[in-house]
Amino acid sequence: MSEEVFRKAAEAINRAPLVVAVTGAGASVESGIPDFRSTGGLWSKYPPAEYATMDAFLDDPDKVWVMFYELGETILAAQPNPGHLALAKLEEFGKLQGIVTQNIDGLHQQAGNTVVIEYHGNVHNLGCSSCFRRRRMDLSFRAHGAPRCECGGYMKPSVVLFGEPIPPKPLMQADTLARTCNAMLIVGTSAQVYPAAGLPYAAKENGAFIIECNVEPTEFTHSITDAFLQGPAGENLPKLAQLVMAR
Ligand code: APR
């Protein structure tokens, strides 16, 4: 990876009044949380059609909770990695105004970022599918299958399943950030799931400089990316943050 690309990316961030990051599962892989579509990713073990749609959940909540409990256990044990910490440093340094994350692990907030839009929700908070009761993820129910609500309904993590709409608040906030930022840092996403994957295109349309950090090229790389930092986020983001803060 040439130093020139890192320098170009750092300069773009330093020139930009408004910098926004869009992150995907690749940002949390070095925290021990598998991504979805790489070899051995979550979807190879739990096919999304069977485990990650609202119909699948309503059909067989106990079955879908097998995946949620496994994901919950991995996420509860995970810590922010150097890539998360680098993004928190950039916010502290005033060079990152917000993160739109597709991740449901809460690791950006744990790392110290305070403006985090959870586009696909958060696995830590449960909501009842029949009433409005809420509860925190608690692995102790694991032996009894899907946790039940006092009302008799099933609890579900407040994550967006396939076929569910993105809640209006994160949808609007993310769209505004994408359309007004001057630089966008895309970290660890395969660019395959909309509407999240549309955000970088909206930023590009607004003239933003696009920096992409991924271990392999994506749809973005050959179409809208201006600086491609190929490699693990846990290595490349600290390097980028160091260059930005050394200005
Ligand atoms: N550093 C940077 N990028 C990485 C790393 C790493 N250490 N490890 C993997 N990646 C990249 C992969 O190359 C891939 O491009 O992260 C991306 C992960 O892609 P996906 O598994 O498809 O995850 P994501 O893009 O976040 O999926 C979007 O799809 O299934 C739904 O709701 C789910 O939020 C998810 C959405």
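Student: Before we start, what does buried mean here?
Tutor: Buried means under 20% relative accessible area. Note that this is a predicted model.

Student: OK. Is Ala191 buried or exposed?
Tutor: Ala191 is at 6% relative accessibility, so it counts as buried.

Student: Where does Ala191 sit?
Tutor: Ala191 is in the loop between β7 and α9.

Student: What about its phi?
Tutor: Phi of Ala191 is near 60 degrees. That is a positive value in a residue other than glycine.

Student: Which peptide bond is cis?
Tutor: The one from Tyr194 to Pro195, with omega near 5 degrees. Pro195 is in the loop between β7 (183-187) and α9 (199-205).

Student: Switching to the ligand. How many residues surround it?
Tutor: 23 residues do. The closest are Phe36, Arg37, Thr189, Ser190 and Asn214.

Student: What does the Arg37 side chain do there?
Tutor: One of its N or O atoms is 2.6 Å from an oxygen atom of the ligand.

Student: And which backbone atoms come in?
Tutor: A backbone N or O atom of Ala25 lies 2.8 Å from a ligand oxygen atom. For Gln102, a backbone N or O atom lies 3.2 Å from an oxygen atom of the ligand.

Student: How much of the ligand is buried by the protein?
Tutor: Alone, the ligand exposes 740 Å², and the protein buries 94% of that. The ligand takes up the space of the largest pocket.

Student: Back to Gln102. What reaches its backbone oxygen?
Tutor: The side chain of His120, at 3.3 Å.

Student: Why is His120 called buried?
Tutor: Because its relative accessible area is 14%. Residues that His120 touches include Thr101, Ile104, Val193 and Ala196.

Key. Residues are numbered from 1 along each chain as its sequence is written. This is a predicted model: local features need pLDDT of at least 70, side-chain atom pairs count only at pLDDT 80 or more; totals for chains, interfaces and linings use all residues. Side-chain values use heavy atoms; hydrogens and water are left out. Buried means under 20% relative accessible area, exposed over 50%, partly exposed in between (1.4 Å probe, protein chains only). A polar contact is a pair of N or O atoms within 3.5 Å; within protein, one must be able to donate a hydrogen and the other to accept it, and residues adjacent in sequence count only if both atoms are side-chain atoms. Contact means heavy atoms within 4.5 Å. Helices (H or I, at least four residues) and strands (E, at least two) are DSSP runs, numbered from the N terminus. A residue is near a molecule or strand if one of its heavy atoms lies within 4 Å of it. Accessible areas come from the Shrake-Rupley method with a 1.4 Å probe; for residues, only the protein chains shown count as cover. On a 1 Å grid over the protein atoms alone, a cavity is a set of points where a 1.4 Å probe fits but cannot get out, and a pocket is an open set with protein on both sides within 12 Å along at least five of seven lines; lining residues have an atom within 4 Å of a point. A molecule sits in a cavity or pocket if more than half of its atoms lie within 2 Å of its grid points. Lists of a residue's contacts leave out its neighbours within four places in sequence.
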